[in-house]
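Okay, thanks for coming, everyone. Let me put the model up and then walk you through a few spots in it.

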Amino acid sequence: SLFSNLSPKVTSWYSQNVGQGLFLDTIAANRRLQFIEDYWRNNFADTLLKYHQIARTRADNLPTVNGTGLARFEPGTARYDSAFNAIISRTNREGGSRFFDQSALYHIAGGYEFSLLGLDFKSGANYRLYTPFSKGTIFLDTAANQRIYNQEMGAYLGIEKKFQYENGSTLKLSFTNRLDKNQNFDFLWSPAASLVFTQKEHVFRTSLSSAVRNPTLTDQYINLNVGRATLLGNLNGFQNLVTTESLINFLNTQDRSKLLYFNVDAIRPERVQTIEFGYRTTIAKKLFIDASYYYSWYRDFLGYKIGTQVDIDTNFNLVNSVKTYRVTTNSKEIVTTTGFTIGLNYFYKKYLGFAVNYSLNRLDKGNVNDGIIPAFNTPEHKYNLGINGRDIEYWEKKEKWGYSINYKWQEGFLFEGSPQFTGFVQSYGMVDAQWNSTISKWHAVVKIGANNLLDNQVYQVYGGPSVGRLAYISFTFELNNWK
């Protein structure tokens with residue numbers, strides 16, 4: 001039979017010592033499924049098609065062999081609709097697909113500016129209260145009447161000084177201090193300083209800054225079973241998890257020494273220091289150029305690790321079911337990012353202008369080898385090309401109109417997130433267009449436009465829906481001009 005002919009191919013997939021088969025033990029675990037799929041498509045395409053059709057026919061018309069299964073539910077039938085409604089009406093903890101979510105966020109912020117001793121001061125503070133409430137369908141509020149409350153606050157004080165020189169140039173120095181506190185983490189201080197020098201049409205800027213990123217609510221409290229793994233918050237850390245690759249090796253060799261155990265520390269806030277240089281100028285009052293470069297150092301860079309809890313007896317059998325988790329964690333080493341942007345705008349006439357910009361963003365894990373999934377999720381290369389016009393007079397010069405047409409493109413990148421949503425997002429481009437006009441009689445401006453005008457169906461997130469055209473129309477009224 002076909003299966004007996006294929007048997008030598010599949011029985012030795014993990015054993016290169018046999019001298020035949022696919023030798024999967026020489027291939028990284030995260031590439032094996034794709035390798036198997038490619039192998040079957042290239043060598044047994046006709047067989048795959050044949051057996052797919054057999055399975056399709058059985059699913060459409062017959063129950064499973066032992067009679068316990070059901071034939072395929074045909075969309076549009078009462079049977080299908082009944083089952084569909086039953087599933088979406090139950091939460092995921094009740095065997096359905098629905099989330100319960102009555103979460104809320106309360107936020108208050110204020111600022112105050114003043115001058116003293118020739119210095120300009122900016123100060124402010126904010127407070128946030130998160131009250132996630134999911135009844136265990138998303139977060140760790142699984143017990144009856146269990147609620148999660150998370151508070152964080154911050155305050156800042158900035159000082160600025162301007163120097164004016166006889167030749168017309170100016171120098172602006174600023175220094176800012178910020179202090180943040182989340183109830184689950186220590187106080188965090190993030191200072192920043194900048195210098196801006198202006199000489200006629202030339203502007204030079206540089207800055208040294210620091211920032212913090214507290215772990216999100218999902219990083220702290222999530223509890224969501226997505227099938228292949230459970231996404232878990234990590235406020236307390238995890239002990240004795242097993243790497244997925246070593247578990248696969250153990251299951252195929254029954255060699256306990258193949259299991260690689262690791263611990264995950266409780267999450268900490270992410271900290272970053274950045275140095276940035278920028279330059280802006282105008283040439284002949286027609287061409288505007290703005291460019292900048294940055295380099296950032298991350299400590300405790302937030303990412304993910306995937307591990308499995310196993311319980312194995314002396315006979316090498318799994319005592320309990322295997323539980324795989326994806327948990328947020330911090331890199332133990334420094335991670336860096338670097339980037340560059342440049343934008344050019346050329347104004348030929350009111351009715352015609354050109355714009356182009358390009359950006360580069362690159363993540364460098366260096367020698368980091370701690371198994372962290374960084375979830376950077378940023379294209380390395382992006383650019384925009386556009387033409388535009390504004391304040392174009394018509395109708396006896398009573399009204400003015402404008403337009404813009406922009407093409408934007410981004411390079412494909414590896415989107416990393418949860419276990420079932422990690423994959424490659426393809427490169428894509430799309431066109432945005434907009435037209436606007438004043439209506440002086442109404443003291444209004446009307447805008448008509450569309451994002452992704454040509455309806456290029458693209459995926460911006462791996463595992464997410466395709467995104468198409470978004471058309472809009474808006475009216476803006478200036479009430480202060482009404483009599």
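Let's start with a charge on a ring: Lys 181 lies over the face of Phe 187, at 5.8 Å from the ring centre. For that label, NZ of Lys or CZ of Arg has to be within 6 Å of the ring centre and within 35 degrees of the ring normal. Another one is Lys 135, whose charged end sits over the ring of Phe 100, 4.5 Å from the centre.

Quick housekeeping. This is a predicted model, where local features need pLDDT of at least 70 and side-chain atom pairs count only at pLDDT 80 or more, while totals for chains, interfaces and linings use all residues. Residues are numbered from 1 along each chain as its sequence is written, and side-chain values use heavy atoms, with hydrogens and water left out.

On confidence: pLDDT is the predictor's own per-residue score, from 0 to 100. The protein chain averages 87, and 88% of the residues score at least 70. Over residues 1-7, though, the pLDDT is below 50, and beyond near neighbours in sequence that stretch has 5 contacts in the model. Contact here means heavy atoms within 4.5 Å.

Now, aromatics. Rings of Phe, Tyr and Trp (its six-membered ring) pair if their centres lie within 6.5 Å; planes under 30 degrees apart are stacked, over 60 edge-to-face, and the rest tilted. How many aromatic pairs does that rule give? The count comes to 13. Take Phe 288 and Phe 347: the ring centres are 5.5 Å apart and the planes are at 80 degrees, so we call that pair edge-to-face. Phe 288 is in strand S13 (residues 287-299) and Phe 347 in strand S16 (residues 335-349), so the pair ties together parts that are 59 residues apart in sequence. Helices (H or I, at least four residues) and strands (E, at least two) are DSSP runs, by the way, numbered from the N terminus.

Buried or exposed? Buried means under 20% relative accessible area, exposed over 50%, and partly exposed in between, with a 1.4 Å probe and protein chains only. Phe 288 is partly exposed at 33%, and Phe 347 is partly exposed at 25%. Then there's Tyr 295 with Trp 297: centres 4.9 Å apart, planes at 65 degrees, so edge-to-face again. Tyr 295 comes in at 25%, partly exposed, and Trp 297 at 33%, also partly exposed. Elsewhere, ring pairs link Tyr 112, Phe 114 and Phe 121 into a cluster.

Back to S16. Strands pair if DSSP finds at least two bridges between them, and S16 pairs with strand S17 (residues 352-364) in the antiparallel sense over 13 bridges. The two form a hairpin with 2 residues between them, and our friend Phe 347 stands opposite Gly 353 in S17. On from there, 8 bridges join S17 to strand S18 (residues 381-394), again antiparallel, with Ser 359 opposite Lys 382 in S18.

One last stop, Ser 169. It's in the loop between strand S3 (150-164) and strand S4 (170-182), and at 2% relative accessibility Ser 169 counts as buried. What does its side chain join in a polar contact? That would be the side chain of Asn 167, at 2.7 Å. A polar contact is a pair of N or O atoms within 3.5 Å; within protein, one must be able to donate a hydrogen and the other to accept it, and residues adjacent in sequence count only if both atoms are side-chain atoms. Leaving aside neighbours within four places in sequence, Ser 169 is in contact with Phe 163, Gln 164, Phe 197, Thr 198 and Gln 199.
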